[in-house]
Amino acid sequence: MSFRSATAVGYVEDVSPGSGALPPRAWYPTSDAASLSLNGSWRFRLSPTADAEDDTFAAPGYDAGGWAEVSVPGHWVLQGHGAPIYTNHLYPFPVDPPRVPTENPTGDHLRFFDLPADWDPADGGTVLRFDGVESCARVWLNGTGIGEFKGSRLPHEFAVGHLLRPAGNVLAVRVHQWSAGSYLEDQDQWWLPGIFRDVTLLHRPAGGVRDFFVHASYDHVGGAGTLRVDSEVPGRVTVPELGVDVATGEPVTVPVEAWTAETPRLYDGVLATEGERVPLRIGFRTVGLADGLIKVNGRPVLFKGVNRHEWHPRTGRALDLETMRADVLLMKRHNINAVRTSHYPPHPAFLDLCDEYGLWVIDECDLETHGFTEQAWRDNPVDDDRWTPALLDRAARTVERDKNHPSVVIWSLGNEAGTGRGLTAMAEWIHGRDASRLVHYEGDIDCRDTDVYSRMYADHGEVERIGRKLDGGTRRRRQLPFILCEYGHAMGNGPGGLADYQRIFESYDRLQGGFVWEWIDHGVEDERYGYAYGGDFGEELHDGNFVCDGLVFPDREPSPGLVEYKKVIEPVRFEGDGAGGTVRVTNRYDFADLSALDFEWSYQVGGESVASGSLAVPALAAGESAEVKLPERPVAAGSGETRWTVRAVLAADTGWGPRGHVVAWGQFPVSGRQSPSFVASAGPVVSGDGSISLGPAVFDARSGALRSIGSVAVTGLRLDVWRATTDNDDGAAWRSDIRYGALWRKFGLHRMRHRLDAVEPSAGALTVRTRVAPAAWEFGLGTVYRWSTDGSRLRLTVSVTPDGDWTVPLPRLGVRFGLAAADRVRWFGGGPGEAYPDTRAASAVGRWQSTVDEMQTPYLRPQENGARADVRWAELGGLRVEGDPEFWFTARRWTTEELDAAAHRSDLTPGDTVWVNLDHGQHGIGSQSCGPGVLPQYRLHAKPAEFSFVFSDIG
Ligand code: GAL
C-alpha cells in the first residue's frame, strides 16, 4: 500500500478542469440581488507540499488563531510567504505532464463571515464566485467540500445556498501553486500563486438571472441596431432611451448610434426576470470578415494596439478598479485603440472599462504551453485528447464570461501553445457558440482554425511582403487579413522602428495594424533594488529583466516608448511645407470625424513661440484630407530659424482626457538654421608652466587635454564611441541574426585606447592628433581635435577617419567630458524627452529646460538613455555649447562605464561630476530584444566625419 494518499490530492495532477463548479455564464458587475464581497483579510497557513496538512482546518470550530493573515485578492508570495519566480517559457519544474513536484507550496486560506441581516439563506440559492485563483483550489464551506478547480484567470462558481448559515460561516480554500493546470499556464510572467481576484457570495433569488447573451448588431447601411437578448431564465429587456421593451429571445430593430472604439456609444438597459434585474450596457456593432478584411460596421479597422498583462508592482496580478481605469485612461490619452489581453482573460471589470471608454479587444484564453518547445512540442497538452476537456473548459469560461462586451471583437485561443487537435476543438466550439466575432491564434500559421493571419515580431520587410500579398502561405491564409499580435518589443530603451511599421501598415489594406509588446514592466517593488526582476528572488531558473518590457514603468509612468507610440499612431496627420503657407490635414480615424477636436497653430522663432492662434479645420470625415491655410506669417522670414507647430487638441472634456489634451501635432520649418558664426582671431600661447592658453581656454601642453573654458573646469574631453548597451543592442540570445551589443564588446568598443600622436600649436589653432582603437584589433579611428578661438569663445572641430576593416557600426560618435556642479539644463532642439535615430517621431523642436536628474530615463536595468536629438545649443554648468551641425545631447551624474555595469537603478550613485556627451551620431535602437534589429538606414557606420562645437563660458 502506498503511503501517499492519492485520493486526498489526486485532483492536483488530474488533467480535468475540476469538479463541482456550476456551468460558466455571463459576468455582470451588479444587479438588484444581494451580494457579499469576501475580499479582505483571510487567515493563512503555508505548507511545503500539497498534502502536508490534512483538511481538518476546513471544519467549523477549527482554531486558526495562530495563523498568519493575507489580503485577498492577493498573492501570498508578495505578502511575505515564499517568493515569486520569473521564467519566460521554461517550466520551473520537471516536464512530466501532468505530474508536478512534491515541493508544491500550498496555501490554506480561511474566511469567517456572517450574512447581512436581510439575507435569508433559505430564500432562493446562493452562489460563491471566485474570479481568479492560481493555480488550483479546493473549497469547503462550513466543513463540506464543494469542489475543486483549475484555470487561474477564469471565474468559477459553486452553489452553496444549502450550506450557508445566517452567522458563523467558515469558507476554507486550499490553493496549490502547481497543478496539472500549470502546464497550460506557461505565460511569460511571474508565477504568482494565490486567490488574486475577488471572492463574492451572490444571492440567487428564485427566478433570478442565470446566463444571458446580448446580441446587439448594427446595420451600417440602414443605421439600425438589432437587439436580442437570449436568457436562460425568460424575462423582459428594456432600453428606455430606445423605447425598447421586449421579451427575451425576441429581436427588435431600432435606429441607433453604433458602438466603436472611437465612439463608444452605450445604451443603458435592464434585463428583468421574475426574481432579478440586471443592468445592461449595450453597444451595437457588427464584426465580420469582408473583402479579406476585418470590418466593424462595414469598415476596416486599423489596430493601434498594445498587449496588456495585468500588473501592479506591489500586488502583482491583483488589480483594483482604479488601477484598471488608470491603464485605460493612459491608453486612450496615448492614442491606443486596441488591447490584446495577453495572455488570459483580464479581470472582468477591465472589459467594462473598455466598453465605456472605447478600446477594441482581443480577448485571449488562459492558455500557453510554451515550455514544450524545448522538447520539440512532444506531449504538448493541446495535442493530447486527454487534455481537451480542460481546453474546452477554458474556452467556454472565457467566452461565456465576456460575451456581452461590445469591445470584444476577437477571441484568441491562447498564446504560444504549438498546434494540435485541442486548439482546433476550441476554435470549433467558439465559432459554434459565437458566430458574431472572429477567432485568432498566432500559432496557427496556416490559419486552419482562425479568421485572421497573425504573427509576432515579423520584420518590416516581411510585413511589407504580406501587405503586398507576396508572402505565399495556404490558400485560406492568402485570403485573410493580417495583424501583428506582438511587435515593437518595448524592453528597456525602445522600441525602435515603430514609425516604419506604421508607414507600412498604412500602405496596404491587408495589414490591419498591430499590438506592441507590451504595456507595462512587471517590476516588483523591492527595498533592495527599487524594482526587482527575474533572478532577484534567488530563482533556480529565470529570465532576468525580460519581464520588464513595457511602454510604462511599473509605477505607470509613461516611458519614452509610449510617447513615441502616441505620436506614431496619432489619428490626425499634418503634412506640409511651412514656407508654402498651407498644411494638409488628414483624418486617420476609422470612424470618427474631427468634430471633437480643436486645432491650434503657433509660430516659433529661434525655438520660442512668438504668436499662436486657432486654426479652422473642417470636421473631416474618417479618411478625408483637406488643405488648410495657415495665417500670415507673424514675423518676416529671414529673422533666424522659424517654424510652424500645429496641434489637434480635445475641444471639450471627455471621459478620458481634458479639453486641450494634445491628440496630434506637426511641425514645419519655414526658414532653416544657420551655422553658428565664428571667426578665429587669436592663436594659442604656450606658457612656461606646462599649459597652453587659447582665448578663454587652458590646455595641458604635453597631452593637449582641455582643462578649462573661462571659469568652467572641464575634465576628460575626448572622442567617445561607447554606450551602455541597451536590451535591444544586446538582443535576444535565441536570435540568429547579428546582434551588435555582443560584437561591440568583442571588438572592444567599450575599451578604446587613445594614443596621442601630436600636440601642435600653430598660428590659428591648437591641433591634437590621436588614434583611437581597441587592444587586439587592427582597426581604429584617426581623430584630430582642432581648437580655435574668436577671442571669447572656443571652437572644437573633430575629424574622424576610420582605418582598418570596420565590420560593425559604432554605438555612438561624439565627444564626452566632465563638468563640475551642473544641475539645470537648457537647450534648443528636440524634446522634451529622449530620442534616438529610430525613436524620434515624438521629439519636437523647441526650447526646453530640465535638470540633469530629470533627463535620465529610469530603465529598470540601467542602459543608454536620455539623449536629446537635433540640439542646436545647450547650456549647463556655466557652459554654452553650440553645435555645427546639430548634435545629440546627453548628461548624467555617472559615467557610461558605471551605467553599463549597473544591474538595477539602485547600483547607480551620483558622483560630483556631470558627464556630458555631444554626439554627432547615434546608432538606432531597433527591437532585437525579441524582434528585428536596427533598420539599415539607422545604423551608424564608421566613415569619415567632421563636426564642430562652439563653447562659451556663460558664468
Ligand atoms: C512572445 C510572447 C510573449 C513574450 C514576448 C517576449 O513570444 O508571446 O508572451 O514572451 O514574446 O517578451
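I sorted the lining of the second largest cavity by residue type and got 5 nonpolar, 5 polar and 3 charged residues. Here Ala, Val, Leu, Ile, Met, Phe, Trp, Tyr, Cys and Pro count as nonpolar, Asp, Glu, Lys and Arg as charged, and the others, Gly among them, as polar. I note that this is a predicted model, in which local features need pLDDT of at least 70 and side-chain atom pairs count only at pLDDT 80 or more, while totals for chains, interfaces and linings use all residues. Residues are numbered from 1 along each chain as its sequence is written, and side-chain values use heavy atoms, with hydrogens and water left out.

**Cavities**

I stayed with the second largest cavity and read a volume of about 70 Å³. A cavity is a set of points, on a 1 Å grid over the protein atoms alone, where a 1.4 Å probe fits but cannot get out; lining residues have an atom within 4 Å of a point. Grid points are joined across faces, edges and corners, and a volume is the space filled by probe spheres set on the points. Of the 13 lining residues, Gly 492, Asp 521, Cys 548, Tyr 859 and Leu 860 lie nearest the centre of this cavity.

I then listed the cavities of 30 Å³ or more and found 3. Helices (H or I, at least four residues) and strands (E, at least two) are DSSP runs, numbered from the N terminus. By type, the lining of the largest cavity has 6 nonpolar, 1 polar and 5 charged residues.

**Cores**

I looked up the largest nonpolar core, which has 155 residues; Leu 128, Leu 171, Phe 574, Val 585 and Phe 599 touch the most other members. Such a core is a set of buried Ala, Val, Leu, Ile, Met, Phe, Trp, Tyr and Cys residues joined through side-chain atoms within 4.5 Å. Buried means under 20% relative accessible area, exposed over 50%, and partly exposed in between (1.4 Å probe, protein chains only). Helix H3 (residues 348-357) gives the most to this core, with 6 residues. Another core, of 56 residues, lies apart from it and has Trp 744 and Leu 940 among its members.

I checked Phe 574 for contacts (heavy atoms within 4.5 Å). Leaving out residues up to four places away in sequence, Phe 574 touches residues including Val 585, Phe 599 and Trp 665.

**Helix H2**

I took the span of helix H2 (residues 321-333): its 13 residues reach 18 Å from first C-alpha to last, close to the 18 Å expected at 1.5 Å a residue. The expected span is 1.5 Å times one less than the number of residues. Buried residues of H2 include Met 324, Val 328 and Leu 329. The buried residues of H2 pack against strand E26 (303-307), strand E27 (338-340) and H3. Just after H2, Asn 335 takes a positive phi of about 65 degrees.

I found a cis peptide bond between Val 72 and Pro 73, with omega about 5 degrees. The bond from Asp 884 to Pro 885 is also cis, with omega near 5 degrees; Pro 885 sits in strand E56 (residues 879-892).

Ala 376 is not a glycine, yet has a positive phi of about 55 degrees. Ala 376 is exposed, at 58% relative accessibility.

How values were computed: On a 1 Å grid over the protein atoms alone, a cavity is a set of points where a 1.4 Å probe fits but cannot get out, and a pocket is an open set with protein on both sides within 12 Å along at least five of seven lines; lining residues have an atom within 4 Å of a point.
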